[in-house]
Amino acid sequence: FAPGDDGIDVSGSNSIIEKNLVVDAGGNGYPRGDTAPSTANTLLKCKSVGSQHNGFDINGSGHSIFFCTDVDSVSNGLACLVGTGTYQILKLKSTKPGGDGILLEAGLNGSSITSCKVKAPSADGFHIEANTAVLSKNKVTAAGNDGFGVGGDGGFYEKNSAMGSTSDGF
């Protein structure tokens, strides 16, 4: 990929992106979807290695991210920055992102993050700003800041663990 290029950039809706590998993307490893807001895409068993921005930069509404992996992204492992509606994130693994492992901004209310693992992020393991988010059975190891940085209201958090964080676990 040429510098600045995303690995796989999907701006449509109702797509299944399955078993893809992106290595050393000049931008984001996986779709942005913010030019024409995308909805209801599913990423399944995809992997991003060494992306120069976010491993997964998912925007829009109602996306599902299942069994995906990010390794050594310069920014965040998974960043959901723009959009509305519920996201489902299951068993995502993020190792050594330069920012947060999983970043979920305000507006993505009611999203669920289940059984995800983040190792050695430079910032927070999980940075959650969405209201009524549900986090269950997630694990953070050696976060550069907080294991779980939670700013949204009305969330439900159960059976999560943070070990070796520089700042707070939760």
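## Overall fold

The protein contains zero helices and 21 strands, where helices (H or I, at least four residues) and strands (E, at least two) are DSSP runs numbered from the N terminus. This is a predicted model, in which local features need pLDDT of at least 70, side-chain atom pairs count only at pLDDT 80 or more, and totals for chains, interfaces and linings use all residues. Residues are numbered from 1 along each chain as its sequence is written, and side-chain values use heavy atoms, with hydrogens and water left out.

The C-alpha trace spans about 40 × 30 × 20 Å along its principal axes.

## Burial and surface

Of the 170 residues, 43% are buried (under 20% relative accessible area, 1.4 Å probe, protein chains only). The accessible surface is about 7,100 Å², with 50% belonging to carbon and sulfur atoms; areas come from the Shrake-Rupley method with a 1.4 Å probe.

## A parallel sheet

Five strands form an open sheet with parallel pairing, in the order β5-β9-β13-β16-β19. Strands β5 (56-57) and β19 (148-150) are at the edges with a single partner strand each, so one side of each lacks a neighbour in the sheet.

Strand β5 pairs with β9 (residues 78-80) in the parallel sense over two bridges; pairing requires at least two bridges found by DSSP. Asp57 stands opposite Ala79 in β9.

How values were computed. Buried means under 20% relative accessible area, exposed over 50%, partly exposed in between (1.4 Å probe, protein chains only).
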